[in-house]
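I open this notebook to record what I looked up in the structure, entry by entry, with the criteria written beside each term.

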Amino acid sequence: MKLSNNKILITGGASGIGLGLTERFMSEGNTVIVCGRREDVLNEVAARFPGLITKVCDLAVEADRVELYNWVAENHPDTNVLVNNAGMQNWMNITDDNFFERAQTEITTNITAPVHLTGLFAGLKSLTTIINVTSGLAFVPFTKVPVYSATKAFFHSFTLSARYLLKGKNIEVIELIPPALNTDLGGKGLHDFAQPVSEFIDSVFLRNWLKAKPKSASDLGPLLPTRDLKRY
Ligand SMILES: NC(=O)c1ccc[n+]([C@@H]2O[C@H](COP(=O)([O-])OP(=O)(O)OC[C@H]3O[C@@H](n4cnc5c(N)ncnc54)[C@H](OP(=O)(O)O)[C@@H]3O)[C@@H](O)[C@H]2O)c1
């Protein structure tokens, strides 16, 4: 994927990891559209980032997903990147009274919505790239979030198949697999222990730079925090 001059739709792009991607993609010279349920949060972020395009949308609702796609196709037909980032996480036990109800909402948000959006946006003529945000918990479940972990395992598997199936349409499918990061996922405070989103975003863009084969280590300078040098 080229890093600039794209028009990118980032679901859940007004907070957490999505916001980190929004900020970085905008600074790299891309046009970014973000969607989410909370209009006040979208407005706040739009005020901070002039040029950001926002759309209120509840991705757990099928009609909203179709409406989002139709709105993009009509108003932003040059959108070439879809980032399936929006997600939710429920800390719960299988024996909880409302277990099934909460599991259903989680499955709809983390599986049904991105699968549906992938199908819809694969039909958009301009689309070149889909970026799916899965999780390290796709590979090793954390039992406090049993359904969340399973939804991410599903999404990882689906991403591998989509990468193969969409090759013929020249759509590249990229997977981002974040570790635990300090966002409000699951509820305020639950991820306070984790590393900042900015470090993860730096590593995502660093990998792209490495792919682009920089001529010397100094080309990576602005993206590489000094204390991270050893890690790479
Ligand atoms: N933080 C971590 O440790 C971590 C680790 C691995 C993977 N991830 C993944 O990273 C992605 C982003 O999570 P985050 O950590 O950045 O948490 P976050 O700050 O809570 O972000 C989640 C975003 O998704 C949006 N969203 C949730 N449900 C939605 C719905 N029904 N319709 C539309 N938008 C919806 C939220 O916006 P509204 O509330 O305004 O709708 C919010 O902007 C998720 O897929 C998550 O599973 C996170």
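**Order of elements.** From the N terminus on, I read the elements of the chain as β-α-β-α-β-α-β-α-β-α-β-α, and the secondary structure comes to six helices and six strands. Helices (H or I, at least four residues) and strands (E, at least two) are taken here as DSSP runs, numbered from the N terminus. I note that this is a predicted model, in which local features need pLDDT of at least 70 and side-chain atom pairs count only at pLDDT 80 or more, while totals for chains, interfaces and linings use all residues. Residues are numbered from 1 along each chain as its sequence is written.

**Chain totals.** I looked up burial for the chain, and buried residues make up 33% of its 232 residues. A residue is buried if 20 or more other C-beta atoms lie within 10 Å of its own, exposed if 12 or fewer, and partly exposed in between, with C-beta atoms placed from the backbone. For contacts (C-beta atoms, placed from the backbone, within 7 Å), I noted that residues 24 or more positions apart account for 61% of those in the chain with a separation of 6 or more.

Why is β2 largely enclosed by the rest of the structure? I find that five of the six residues of strand β2 (residues 31-36) are buried, so the rest of the structure largely encloses it.

β2 is joined to strand β3 (residues 53-56) by four bridges, and the two run parallel; the bridge partner of Cys35 in β3 is Lys55. Here the chain crosses from β2 through helix α2 (residues 39-48) to β3, again in a right-handed β-α-β crossover. I also find β1 paired in the parallel sense with strand β4 (residues 81-84) over three bridges, with Ile8 opposite Val81 in β4.

I took helix α5 (residues 146-165) next: it has 20 residues and reaches 29 Å from its first C-alpha to its last, close to the 28 Å expected at 1.5 Å a residue, where the expected span is 1.5 Å times one less than the number of residues. Which residues of α5 are buried? I list Val147, Tyr148, Ser149, Thr151, Lys152, Phe155, Thr159 and Ala162. What covers these buried residues includes α4 (99-121), β5 (129-133) and β6 (172-176). β5 and β6 run parallel and are joined by five bridges, Asn132 standing opposite Glu175 in β6. Together, β5, α5 and β6 make a right-handed β-α-β unit.

**Ligand shell.** Among the 31 residues around the ligand, I find that Gly12, Gly16, Gly36, Arg37 and Gly87 come nearest, a residue being near if its C-beta atom, placed from the backbone, lies within 6 Å. Helix α1 (residues 16-27) gives the largest share of this shell, three residues. By class, the shell has 14 nonpolar, 13 polar and four charged residues, with Ala, Val, Leu, Ile, Met, Phe, Trp, Tyr, Cys and Pro counted as nonpolar, Asp, Glu, Lys and Arg as charged, and the others, Gly among them, as polar.

**Single residues.** Ala60 lies in the loop between β3 and α3 (62-75), and is partly exposed because 19 other C-beta atoms lie within 10 Å. Not counting residues up to four places away in sequence, Ala60 touches Thr105, Thr108, Thr109 and Ala113. Asn5 counts as exposed, with 10 C-beta neighbours inside 10 Å, and Asn170 is exposed with 9 other C-beta atoms within 10 Å.

Note on methods: Contact = placed C-beta atoms within 7 Å. Pairing = 2+ DSSP bridges. Right-handed = clockwise from strand over helix to strand, strands pointing away.
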